[in-house]
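Here is a short report on one protein model.

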Amino acid sequence: MRIFCNELPGRSILSIVFASLSIITCDVTLSSALADEIPAAEKQVESEHYNGQKAQIMQLVREYFVARDKGWVAAESSALAEGKLASGQVEAQPIRQASAIATVAEQIVSERGLQAVAVQTGLARKNNVRLHGNTATATVTVGTALTWNFASVGESSLSDVYVVKLERKDKTWSIVDVAYAPIPSTEIMNKRTRMAAVTGAPETAAVPIGDPAPAVALAPAAASGWYDRKAAAAYANAWSGSIQLSNGEVEDLYNPAYDMARQDNDCTDFASQVLAAGGWPIHDGWANDNPVNWSPDLWGLRGPSQTWSVASWLFDYASNSKRGEKKGIWPSDDGNLDIWNLELGDLVFVDWDPNGHYDGAIDHAMVISGTYTELGFTEPTFSQHTPHRHNMPLSVGIKIATAPIPSVDPGDGLGGQGRVPKYHPVHIQDSFTVE
């Protein structure tokens, strides 16, 4: 700041004071502007640094999963033997997790003669990377497309969300841990949370009891018809896969017509869509906890009925004697093999929670979308959401779900999800009656 104290010719002391104040104000303004520019510049450098680190991390993660998926085709083709990739390094646990895919693939060849002959890997467009100094966590969706040695199978794909942990030493990032991201239960998506999401009403809002029908929309009478298995399977295959984008990214498919019913876990929502495609009529209503209602969006924009969106509710609804038939649980002590004899459009419900172990409550739903016959054995293929599976041989899906999580030392385990499930197949009747 500059303050003039000497009297200038022809100017009063007052004018000098005003001039001085003006100069002071000007200098203070300039100083303030400079002060603003410095943090802005620092923020830009910070942002560029963050984006640069994020790009390095995502490149390393992409290389890791591409190398891992080579194990589907041949164990010796994996690039992770020494734990080094072009963009960084891979530690012991992720190496075990990656190499275990080859072990699963070898077992499938041994048990079924089924072998992947080509594989493509892509990451979703939107992923999350969080930096914490020299550590980072990346939550990524990885899509894998498989071509099999048996043409009768067709192509399959799977998509899973992983949590990848990384550390940086000497400016080099290393992947130190890879795990499947937890999947939220369908049980948490009830009417109250749906109403809060759609209307902004508090979750403690009163839930109507019974099913008072508005005058403008009456519930349909009982409907009957034939279940179109081919139409159901065609829908399941059409909306269960992922599309490969030109830049190598993948995007899971969802039917936008059912956007209102989308959830964090939409496995049951998807199974209901398949049943509707096969000819099951929507049974609309008001209360989402009325067991006879079956709708993706109840009257008054109330969201899906629980029979539509919650696995345990759809299991009860679909296995009603007028619509479906429960088959033998697998695995079982009596050696029941009903699950391997399901038809197009049938459903398989799974009990595998909490903590990956069955507890008597249904948690998941998937759809039989095809079959193939090779080497004298006929096997169903299935499709599902959360996570996406498209035309996946049932034995492969079960292997991934049940194979133990590999440990670092001594390195045993197959690299699966480590679940201990019970599978509950439901055969959908060729003719149905819906209340």
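## Basis

This is a predicted model: local features need pLDDT of at least 70, side-chain atom pairs count only at pLDDT 80 or more, and totals for chains, interfaces and linings use all residues. Residues are numbered from 1 along each chain as its sequence is written, and side-chain values use heavy atoms, without hydrogens and water.

## Hairpin

Strands β4 (residues 128-132) and β5 (residues 135-148) run antiparallel, joined by 5 bridges. Strands are DSSP runs (E, at least two residues), as are helices (H or I, at least four), numbered from the N terminus. Two strands pair if DSSP finds at least two bridges between them.

L131 stands opposite A136 in β5. The hairpin has 2 residues between its strands, and G133 takes a positive phi near 65° there.

A pocket is an open set of points on a 1 Å grid over the protein atoms alone, where a 1.4 Å probe fits, with protein on both sides within 12 Å along at least five of seven lines; lining residues have an atom within 4 Å of a point.

## Second largest pocket

This pocket has a volume of about 200 Å³. Of its 14 lining residues, T144, A145, S157, S242 and Q244 are closest to the centre. β6 gives the most, 4 residues.

Conventions. Points joined across faces, edges and corners; volume = space filled by probe spheres on them.
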